[in-house]
Amino acid sequence: HSLSLQSPGSSAAGLGVGASGPGMEPPVGGSGLQPGQEEPVLRREVPGQDADPEVHPKKRVRLQEGEAGKLEERLYSVLCCTVCLDLPKASVYQCTNGHLMCAGCFIHLLADARLKEEQATCPNCRCEISKSLCCRNLAVEKAVSELPCECGFCLKQFPRSVLERHQKEECQDRVTQCKYKRIGCPWQGPFHELTVHEAECSHPTKTGNELMGILDEMDQSHRKEMQLYNGIFSLLCFEKIGFTEVQFRPYRTDDFITRLYYETPRFTVLNQTWVLKARVNDSERNPNLSCKRTLSFQLILKSKVNSALECSYLLLKGPYDDVRINPVIYHYVFSNDANETDYMPLPIIDSVECNKLLAAKNINLRLFIFQIQK
């Protein structure tokens, strides 16, 4: 309500409070009200209470924007990645002008530039970017981790820093499996229904003959894993075992359309000289246009041998890299006429891990060679 100023000779009832001043006597009772009139109460509007219908609409809207406008919605466009326009889930990198990129997009930009033999640039300002020129923005990482995010199961809001723990351990609507899955129960459902299902599950009452088929399928998958581990342990029993850290360096072919490939300097293992080569997507013409990225490698014996050299070999991640590689044992018989293996797939987990390797200045891995004695 608007408050109108009264002249000294006018009544103070319109103000709702007693007027006083030089040369003025306060009205009887100090309220300036006529007999039988109630004293008006001045109220301060509290957020959450119903707004006064007589307040101007623009003022009501302004209050609602200030009280109910969510800070995270306004920060989303400020803190999002400039490439994928999504909030970063892990590390946040920034160019020299401060534009933000999530770790996945940053690595992808560097990998694409390596494949196209170009200098990687920021998609916003086109300044040069690299692992040495860009740095992480820890303040943005911390701010993003505190912004609320919706749980995909119960649809409640949680800070991003605790959302993963909530979805894995605390959410009552998270998808879970029956404890009798090991004997073939296919049930999947929300966690709060798990107890009821397990009390009614029919699999614990199945006969041995009914369970044999299920257990046979499980044994086949476990047998493959055990075969790999048993193979590695048997190789460790060999008399001649050698390993070394290898560094793949990027090069370009001399073709009209150059292709990226990697090669290591010569190194010595088991008193022999070797070289490793690697290529991207089996040397397809434009690997930068493909979302799927793979690496394959070849082991080459450079020194001359008097007799055939039968070896098993495998590549693992280096001691200072975080790339994930599944160990796979390869076998080859080297001779002076057959000194190069075929290109074998480097068993990295997925294209994201491949982009990590391509974005690096060099690829550092560890090579094991086991000589088979006849």
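Student: Which strands does α3 lie across, and at what angle does α3 run to β2?
Tutor: α3 lies across β1 and β2, and its angle to β2 is about 95°. Angles here go from 0 to 180 degrees between N-to-C directions, with axes being lines fitted to C-alpha atoms, for helices over the stretch in contact. Contact means heavy atoms within 4.5 Å. Helices (H or I, at least four residues) and strands (E, at least two) are DSSP runs, numbered from the N terminus.

Student: Before I go on, what kind of model is this?
Tutor: This is a predicted model, where local features need pLDDT of at least 70 and side-chain atom pairs count only at pLDDT 80 or more, while totals for chains, interfaces and linings use all residues. Residues are numbered from 1 along each chain as its sequence is written, and side-chain values use heavy atoms, with hydrogens and water left out.

Student: OK, back to those strands. What is the strand order in the open sheet of three?
Tutor: The order is β2-β1-β3, with antiparallel pairing. Two strands count as paired if DSSP finds at least two bridges between them.

Student: Which strands stand at the edges?
Tutor: β2 (100-102) and β3 do. Each has a single partner strand, so one side of each has no neighbour in the sheet.

Student: How many bridges join β1 to β3?
Tutor: Two, and the strands run antiparallel. β1 covers residues 92-94. Tyrosine 93 sits opposite arginine 136 of β3.

Student: What about the loop between α3 and β3, where is glutamate 117?
Tutor: Glutamate 117 is in that loop, between α3 (103-116) and β3 (135-136). Its phi is near 55°, a positive value in a residue other than glycine. Glutamate 117 is exposed, at 52% relative accessible area. The cut-offs are under 20% relative accessible area for buried, over 50% for exposed, and partly exposed in between (1.4 Å probe, protein chains only).

Student: Switching topic, which residues have the most contacts inside the largest nonpolar core?
Tutor: Phe248, Trp274, Leu276, Leu315, Leu346, Leu358 and Leu367, in a core of 34 residues. A nonpolar core means a set of buried Ala, Val, Leu, Ile, Met, Phe, Trp, Tyr and Cys residues joined through side-chain atoms within 4.5 Å. Another core lies apart from that one, with 12 residues, among them Cys95, Ala113, Ile129 and Cys134.

Student: What is leucine 346 in contact with?
Tutor: Skipping neighbours within four places in sequence, leucine 346 is in contact with Leu295, Ser296, Phe297, Leu315, Ile325, Leu357 and Leu365.

Student: How far apart are arginine 279 and leucine 346?
Tutor: They are 67 residues apart in sequence and 9.9 Å apart in space, C-alpha to C-alpha. Arginine 279 is in strand β11 and is partly exposed, with a relative accessible area of 23%. Not counting residues up to four places away in sequence, arginine 279 touches Thr294, Leu295, Ser296 and Tyr343.

Student: Now α8: how many of its residues are buried?
Tutor: Seven of nine, in a helix covering residues 351-359. The buried residues of α8 pack against α3, β9 (260-263), β11 (272-280), β12 (295-301) and β16 (363-371).

Student: What caps the N-terminal end of α8?
Tutor: Aspartate 350, with a side-chain oxygen 3.2 Å from the backbone nitrogen of valine 352.

Student: And serine 312, which side chain does a polar contact join it to?
Tutor: The side chain of histidine 331, at 3.2 Å. A polar contact is a pair of N or O atoms within 3.5 Å; within protein, one must be able to donate a hydrogen and the other to accept it, and residues adjacent in sequence count only if both atoms are side-chain atoms. Serine 312 is in strand β13 (residues 309-317) and is buried, at 6% relative accessible area.

Student: Last one, which feature does UniProt place at residues 146-185?
Tutor: The unreviewed UniProt entry has "domain: TRAF-type" there. UniProt positions follow the numbering used here, feature names are shortened, and annotations may be inferred rather than shown by experiment. In this model, residues 146-185 are 30% helix and 22% strand, with the end C-alpha atoms 39 Å apart.
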